[in-house]
Amino acid sequence: MAAISMNPALGYQMGNDHQNHGMVVQQIEGLIRVYKDGHVERPPIVPTVACTVPLESGVICKDVVIDTSTNNVWARVYVPQSQGQQHPLLVYFHGGGFCVGSASWSCYHEFLAKLASISCCVIISVNYRLAPENRLPAAYEDGFKALMWVKQQALNKLNDQRWWCSQCNFSRVFIAGDSAGANIAHHIATRAGSQSNSLSPLYIKGTILIQPFFGGEERTNSERYMVQPPNSALSLTASDVYWRLSLPIGANRDNQWCNPLAKGATRLEDLKLPPTMVCISEMDILKDRNMEFFNAMNRAGKKVEHVLYTGVGHAFQVLHNSKLSQPRTNEMMYHIKGFINR
């Protein structure tokens, strides 16, 4: 996989009409710029690609529309080619601070095509609405809509989605994501747990949270002191901007959508959650917060495990921005395979 640079030194290619939108009120250099009149610009820092994969990958890939009324919610589906065998289903949400990213980004396309092949699971990579145009809980609503769409396809045996439905074992469904996508996965799993009777024939067997994007008003040590290289995917400054753009106007970082351990948030003990794997990066500013979440889940009596990936930072598995990224990505894929196929 090619490296993706998140270095803001690459500069920002502004639209020709940017001066008509007033002053810039929020920005993450090279990723997103929000103007006073609400206009949003997102430069193409990561290329988008079509749903094609090499024949030798052993994976079939197609795009499908989930919300036909607006076409805002769609998915890219990856199906490993095998005869006479049904596979677990992984519903995946991409990262990007709720504000950037796409299921068609090349880095996610390559990562998930390879993961589908290695783990022998069908993957549905959901493309959801972004903030600030669609602040939370829009991404959660889209995520749950996608899950209910999967349920309808499972019930409708004769529809045009049979090409992937027939390959799925719907009693082995996993919800996963990285960064903001992991945050979405956790909240979708929480809602699914409270409505499990309405999900049949789907059965949620587990959740995989890769570097989950959580926050809080009180800083952790890794947020304060973790030194980030210039090509880091997530700095503390960028994290704060993402939260300002994605949380409801007036909310702070102790909103439970940002901080599931905040005072006033629903207690983990009261949530019905499936077995969970938390993937944590040693050089990530979110390391301590991710460990706090794992420890809190453990204290709450949840079935939870964690894996620490040494020497790498946030989103290493898709950005490949260090020499250790590729070996750690391979480790992660086999950890996910092991979790899914237990």
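**Close-up views of a predicted model**

View 1. Cys120 sits in the loop that joins helix H1 (106-119) to E7. Its phi is near 55°, a positive value in a residue other than glycine. Most residues other than glycine have a negative phi, and most peptide bonds are trans.

View 2. The UniProt record, an unreviewed entry, puts the feature "active site" at Ser179. Ser179 belongs to the loop between E8 and H4. Is Ser179 buried or exposed? With a relative accessible area of 7%, Ser179 falls under the 20% cut-off and is therefore buried. Once neighbours within four places in sequence are set aside, the contacts of Ser179 are Gly95, Ile210, Gln211, Pro212, Phe213 and His314. Ser179 has a phi near 55°, which is positive although the residue is not glycine.

**View 3. The largest pocket and its lining.** The largest pocket holds about 420 Å³ of space. Its lining is made up of 22 residues, and Tyr203, Ile204, Lys205, Pro274 and Pro275 lie nearest the centre. By class, the lining has 12 nonpolar, 4 polar and 6 charged residues. At least two lining residues come from each of strand E8 (168-178), helix H4 (180-194), strand E9 (204-210) and strand E11 (304-309). Which element gives the most to this lining? H4 does, with 3 residues.

**View 4. Helix H4 and the loop to E9.** H4 consists of 15 residues, and the distance from its first C-alpha to its last is 22 Å, close to the 21 Å expected at 1.5 Å a residue. The helix is mostly covered, with 13 of the 15 residues buried. The loop between H4 and E9 contains Pro201. The peptide bond that links Ser200 to Pro201 is cis, and its omega is near 15°.

View 5. Helix H2 covers residues 138-155, and its end C-alpha atoms are 26 Å apart. Of the 18 residues of H2, 13 are buried, which means that the helix is largely enclosed by the rest of the structure. Pro137 is found in the loop between strand E7 (122-127) and H2. The bond from Leu136 to Pro137 is a cis peptide bond with omega near 15°.

**View 6. The second largest cavity.** The structure holds 2 cavities of 30 Å³ or more. The second largest cavity contains about 40 Å³ of space. Its lining includes Phe214, Gly215, Gly216, Arg219, Glu223, Trp243, Arg253, Leu286 and Arg289. Leu236, Ser239 and Asp240 are also among the lining residues. Helix H6 (residues 236-246) makes the largest contribution to this lining, with 4 residues. The lining divides into 4 nonpolar, 3 polar and 5 charged residues.

View 7. In UniProt, the annotation "domain: Alpha/beta hydrolase fold-3" (unreviewed entry) extends over residues 90-317.

Terms used:
Residues are numbered from 1 along each chain as its sequence is written. This is a predicted model: local features need pLDDT of at least 70, side-chain atom pairs count only at pLDDT 80 or more; totals for chains, interfaces and linings use all residues. Side-chain values use heavy atoms; hydrogens and water are left out. On a 1 Å grid over the protein atoms alone, a cavity is a set of points where a 1.4 Å probe fits but cannot get out, and a pocket is an open set with protein on both sides within 12 Å along at least five of seven lines; lining residues have an atom within 4 Å of a point. Grid points are joined across faces, edges and corners, and a volume is the space filled by probe spheres set on the points. Ala, Val, Leu, Ile, Met, Phe, Trp, Tyr, Cys and Pro count as nonpolar, Asp, Glu, Lys and Arg as charged, and the others, Gly among them, as polar. UniProt positions are given in the numbering used here, feature names are shortened, and annotations may be inferred rather than shown by experiment. Buried means under 20% relative accessible area, exposed over 50%, partly exposed in between (1.4 Å probe, protein chains only). Contact means heavy atoms within 4.5 Å. The expected span of a helix is 1.5 Å times one less than its number of residues.
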